[in-house]
Amino acid sequence: IKDFNKYQKQFFPKTSFMPSQEDLNGKLPKVVVFALDENDNQTASKSGLGVSIANNIENVLSKNKLAQIVDRNAANKLQQEIALAEINKSGSYKGPQIAEYAISGAIGNASFNSKYSSGGTFLNPKTGTVVTIPPKYKYNSLAVGNIKIYELPSLNVLQAIEFNGRAGRTEDARNNGGINFGGISIGGEQVAGADRDDGLVRKAGEDAIDNIRAEIQNIFSKQGYIMEKRGFKKKSIFKINLGSSDGIVQGDKFEVIGQFENQNSINNQVEVEKRIIATGKISDIIDPKNAWIIIDDSENNDK
């Protein structure tokens, strides 16, 4: 921004959706994460995969300081109303305002399988040495499903995200009795491989959430507010309440989100719609708590 001092403060009307002082101070949103529906999948049920994935999501939010986690056990009514809204394709939460957002979801598939590899002894033609590969069991697990992020109390779905995770491990096959020679068991009775590994299934769930970590973080990334407008000739610049202490740097791109009230033509209820009204980038004028931004299209300046 050249000649910043020439920009004069301009009238900037207040929105009907004014943020609270807590929002302006950067208060973290309250989020409740429900255990995922396991859909009668035995592998998921035995391993507690629904709760495990919910805990993984909570870890993403808490470790990155993106949200305050609400105890899911204190939100049974909310969970029931989310399930009802899913069935009816609409609804709103009318209970106590315990959170601003809720995350729910379902496991589409969870599996565990094993494969036996007999191994053997081979002659390496290049070195002339004998190579012994012991028999092994290879285990693999899979976790597939989706999560939905709801805005409260409207129960509007902000985003639906599909996930897919895998995990695997190997172990040497063991024998009861007999002798072991060069990694090969001779005689005795071979011990059967594992028919379940709950820890490996949960690890697949952890991998699934790790794969969508960036999408979750983007949804709950810190939001700023436009605080002031200044103009010089035909150009306008805007001040936001995010600065270098929030990780803002010159050239960062952003979206300006507007909120609008719309009346539902079916039930006549007033609904709040959010949509992108402008885009732009961070200017070179930044301090720890604030920054000045430049809108890409000057025609958007008055929106």
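The model is a predicted one.

Start with the aromatic rings. Across the whole structure, a search finds seven aromatic pairs. One of them joins F12 and F238. Their ring centres are 6.0 Å apart and their planes stand at 55°, so this pair is tilted. Look at where the two residues sit. F12 belongs to the loop between β1 (8-9) and α1 (21-24). F238 belongs to strand β14, residues 235-240. The pair therefore ties together parts that are 226 residues apart in sequence. The two partners also have their own levels of cover. F12 has 33% relative accessibility and counts as partly exposed. F238 has a relative accessible area of 3% and is buried.

Now move to a second pair, F112 and Y139. Here the ring centres are 5.7 Å apart. The planes are at 20°, so the pair is stacked. The cut-off behind that word is an angle under 30 degrees. F112 is in strand β4, which covers residues 101-117. Y139 is in strand β7, which covers residues 136-151. This pair links distant parts of the chain, 27 residues apart. F112 and Y139 form one aromatic cluster with Y116 and Y137.

A ring can also have a charged group over its face, and F260 shows this. R275 lies over the face of F260. The distance from the ring centre is 3.8 Å.

Next comes the surface. Which residues make a nonpolar patch there? F122, V131 and I133 do, and the patch spans about 250 Å². Take I133 from this group. It is found in strand β6, residues 130-133. I133 has 39% relative accessibility, so it counts as partly exposed.

Setting aside residues up to four places away in sequence, P288 touches G243, S244, S245 and D246. K148 gives a sense of scale. P288 and K148 are 140 residues apart in sequence, and their C-alpha atoms are 34 Å apart in space.

The next stop is E81, in helix α4 (residues 76-88). E81 is buried, because its relative accessible area is 17% and the cut-off is under 20%. Beyond its neighbours within four places in sequence, E81 is in contact with S92, Y93, K94 and L155.

The last stop is E58, in helix α3 (residues 49-63). At 15% relative accessibility, E58 counts as buried. With neighbours within four places left out, E58 is in contact with V33, I69 and R72.

Finally, turn to the charges. Side chains of opposite charge can pair when their charged atoms come close. How many salt bridges does the structure hold? It holds eight. In one of them, the side chains of R169 and E171 meet, with 3.3 Å from N to O. R169 is partly exposed, with a relative accessible area of 29%. E171 is partly exposed, with a relative accessible area of 29%.

R169 takes part in another bridge, with D197. The closest N and O atoms of D197 and R169 are 2.7 Å apart. D197 lies in the loop between β12 (189-190) and α5 (198-211). R169 lies in strand β8 (residues 156-172). This bridge therefore ties together parts that are 28 residues apart in sequence. D197 is buried, with a relative accessible area of 16%. Through shared partners, salt bridges join R169, E171 and D197 into one network.

The side chains of R196 and D198 meet at 2.6 Å, N to O. R196 is partly exposed, with a relative accessible area of 42%.

Note on methods: Residues are numbered from 1 along each chain as its sequence is written. This is a predicted model: local features need pLDDT of at least 70, side-chain atom pairs count only at pLDDT 80 or more; totals for chains, interfaces and linings use all residues. Side-chain values use heavy atoms; hydrogens and water are left out. Rings of Phe, Tyr and Trp (its six-membered ring) pair if their centres lie within 6.5 Å; planes under 30 degrees apart count as stacked, over 60 as edge-to-face and the rest as tilted. Helices (H or I, at least four residues) and strands (E, at least two) are DSSP runs, numbered from the N terminus. Buried means under 20% relative accessible area, exposed over 50%, partly exposed in between (1.4 Å probe, protein chains only). A charge sits over a ring if NZ of Lys or CZ of Arg is within 6 Å of the ring centre and within 35 degrees of the ring normal. Patches are made of residues with over 30% relative accessible area and no salt bridge: like charges are joined within 9 Å, nonpolar side chains (Val, Leu, Ile, Met, Phe, Trp, Tyr) within 5 Å. Accessible areas come from the Shrake-Rupley method with a 1.4 Å probe; for residues, only the protein chains shown count as cover. A salt bridge is a side-chain nitrogen of Lys or Arg within 4 Å of a carboxyl oxygen of Asp or Glu. Contact means heavy atoms within 4.5 Å.
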